[in-house]
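Hi everyone, thanks for coming. I'd like to walk you through one protein model today, so please have a look at the screen.

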Amino acid sequence: MRKLQNQNPFFTLPSTCLSRQFKPSYCHTKAHFIQNLQDCRNFKSLISTHSNILKFGFLNDTFTTNHLINRYVKLQKINSAHQLFDEMSEPNVVSWTSLMAGFIDAGRPKMALWLFGKMHESTVMPNSFTFATLVNACSILADLKTGKRVHAQVEIFGFQSNLVVCSSLIDMYGKCNDVNEAHRVFDLMGFRNVVSWTSMIAAYAQNAQGHVALQLFREFNCLMLDRPNHFMLASVINACASLGRLVSGKVSHAAVIRRGHDSNDVVASALVDMYAKCGCINYSDKVFWKIPNPSVIPYTSMIVGAAKYGLGKLSLEIFEEMLERRVKPNDITFVGVLHACSHSGLVDEGLEHLETMYEKHGIVPDAKHRSCVVDMLGRTGRLDEAYSLAKSIQVKPDEGALLWGTLLSASRLHGRVDIATEASKWLIESKQQVAAAYVTMSNTYAFAGKWEKVHSIRSEMKRNGVYKEPGCSWVEIRDSIYVFYAGDVSLCARGSEVVSLLRELERRMKEKGYVGGSMGLVFVDVEEEAKEEIVSLHSERLALGFGLISMPKGMTIRVMKNLRMCRDCHEAFKLISDIVERDFVVRDVNRFHHFKNGTCTCRDFW
């Protein structure tokens, strides 16, 4: 490694740093300097201790220098730590690993991987902590390719059974979306502790397999191996959030309280998010206000939760309070703020926040922030502005999917076939959200009455083997999940009763002026009576019908859906809430709808 020549600032320290005198009998012992380093709480005292270590000749001692490097790292002076490392005559594995960990803590994981390459060229052999540190760098970068190479080195050096290394590997594979490889590492472990179990549960929770995460948590509890820590409980709560499992979430909340983790920032943030995603924003609010000094994470969770519930002004009020309490927002906080403006029609406020992000808070708007603004403009019918902004944004394929998918949805909503065509073309050519792009484009043409185009798109889908994702909804009753698919009554629990109830409700809706089938998504040119039949058996209606006959009056029925709720069903749910005098909460792919007394919290704006 290149040594830094004539650049040592410690040879030109201020005279005040060198003036302090020590009694040789006490001061020039290694133990004393180590203790001094551990007591250093600021950069000035560390410089003073460093100068005395140099003065008494202990800088050539690797053990002492390693402690000095660690202290620079802890005080976030990574460049000073690196320079000190470069000046070591014989750095050992602790020296190398400490510096790698320091670069990771400083937000420079690629530098840690580069250092390992240099270490590989030296005679120093890595240990288990070196490999755990390297795997952590790959986790942060979500670099699966490098992670697998590091895993191979783990096998070569014989650390494949090491508890710390294996737990890190599970975490890395989970963050790289390779949950099968994570479970393979987990299965091969001879001994597992709460950390390895937590890593495995988190891997499933992060990869849309919350049901497996909950199953693993139950297995962990049955084995009575250890008490769950707050990280495990937070992962379990996140799994409940992704599934919309309110009952399981409440059981997990009880476990959190029993274990005394309810004041933990990570757990509290997960609870705020879980209750919001399960349609209980009032519970989120209660949990949030019990946090003594909420950091940016719970604040952001609360802002996003209120936004998805259609409470845009509440989101902005929480954001303002956050600033008043001098909690610094991050880039995700602003995604939540812009999302709130988008889903509540607060265009002027949203544009102002976008323009002042950097000026007031030092955060440079990126593709995800501008995508929110495209969504915000599109929802309010300002399609030309949204289209111009979308074309000006440089995006990666995954970011582009969100951007152009948003524009396509808004174009369909407002009947802009020209913009919808451009958006769907981008998505299909880049192989992003292909099925959704075809279906949305087909419906755009259908609403415009261009049936030849509809048939052409349908034929193209068949030729290319592209199939529409079926509409799916589910409800949770007494900790059991009941799933319903659009148009499939044969698999519907208590199907004949559900259909009979829906028919009766449709009759009563028509008495109030409801016209079925006119606003729901249609895929081919069908007669009006057939349209009614298609829309009346949408998955969310089947789930609602089952909830009405299975849950006692007075209980709120919560329906989760994998796709966007259609306008026809939205209108039907409003009317049914008034007819049966009950509250319904629907979580679709975009947001929440709370139906009560014939109205919805989204105010028909979604």
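Predicted model: local features only at pLDDT ≥ 70, side-chain atom pairs only at ≥ 80, totals over all residues.

Let me start with a definition: helices (H or I, at least four residues) and strands (E, at least two) are DSSP runs, numbered from the N terminus.

Residues are numbered from 1 along each chain as its sequence is written, and side-chain values use heavy atoms, with hydrogens and water left out.

Okay, the overall picture. The protein has 32 helices and 6 strands. Of its 606 residues, 52% count as buried; buried means under 20% relative accessible area, exposed means over 50%, and partly exposed is in between, with a 1.4 Å probe and protein chains only. Now contacts, meaning heavy atoms within 4.5 Å. Among contacts with a separation of 6 or more, 65% are between residues 24 or more positions apart.

Together with Ile-481 and Tyr-485, Val-483 forms a nonpolar surface patch of about 220 Å² accessible area. For patches, the residues need over 30% relative accessible area and no salt bridge; like charges are joined within 9 Å, and nonpolar side chains (Val, Leu, Ile, Met, Phe, Trp, Tyr) within 5 Å.

In the model, residues 92–126 are 74% helix and 0% strand, with the end C-alpha atoms 9 Å apart. For residues 162–196, we get 74% helix and 0% strand, and the end C-alpha atoms lie 11 Å apart.

Let's zoom in on helix α8, residues 109–121. The expected span of a helix is 1.5 Å times one less than its number of residues. With 13 residues, α8 should span 18 Å, and its end C-alpha atoms are 19 Å apart, which agrees. Buried residues in α8 include Leu-113, Leu-115 and Phe-116. What do the buried residues of α8 pack against? The partners are α6 (78–86), α7 (93–105), α9 (128–141) and α10 (144–156).

Now over to Ser-167, in helix α11, residues 163–175. Is Ser-167 buried or exposed? Ser-167 counts as buried because its relative accessibility is 5%. Leaving aside neighbours within four places in sequence, Ser-167 contacts Met-189, Asn-193, Val-195, Ser-196 and Ser-199. Ala-182, in helix α12 (residues 179–188), is at 0% relative accessibility, so Ala-182 is buried as well. The C-alpha atoms of Ala-182 and Ser-167 are separated by 9.2 Å, and the two residues are 15 apart along the chain.

Here's a backbone detail I like. Most residues other than glycine have a negative phi. Gln-76, though, has a positive phi, near 60°. Gln-76 lies in the loop between α5 (62–74) and α6, and is exposed, with a relative accessible area of 70%. Ala-208 also has a positive phi near 60°, in the loop between α13 (194–206) and α14 (210–223).

Last topic: salt bridges, where a side-chain nitrogen of Lys or Arg is within 4 Å of a carboxyl oxygen of Asp or Glu. How many are there? The structure holds 19. In one of them, Glu-504 pairs with Arg-507, with the closest N and O atoms 2.5 Å apart. Both lie in helix α29 (residues 495–511), 3 residues apart, about one turn of the helix.

Another joins Arg-541 and Asp-568 at 2.6 Å, N to O. That pair links distant parts of the chain, with Arg-541 in helix α31 (residues 539–550) and Asp-568 in helix α32 (residues 567–580), 27 residues apart. Arg-541 is buried, at 3% relative accessibility, and Asp-568 is buried, at 0%.

Note on methods:
Areas by Shrake-Rupley, 256 points an atom, 1.4 Å probe, with all protein chains shown as cover.
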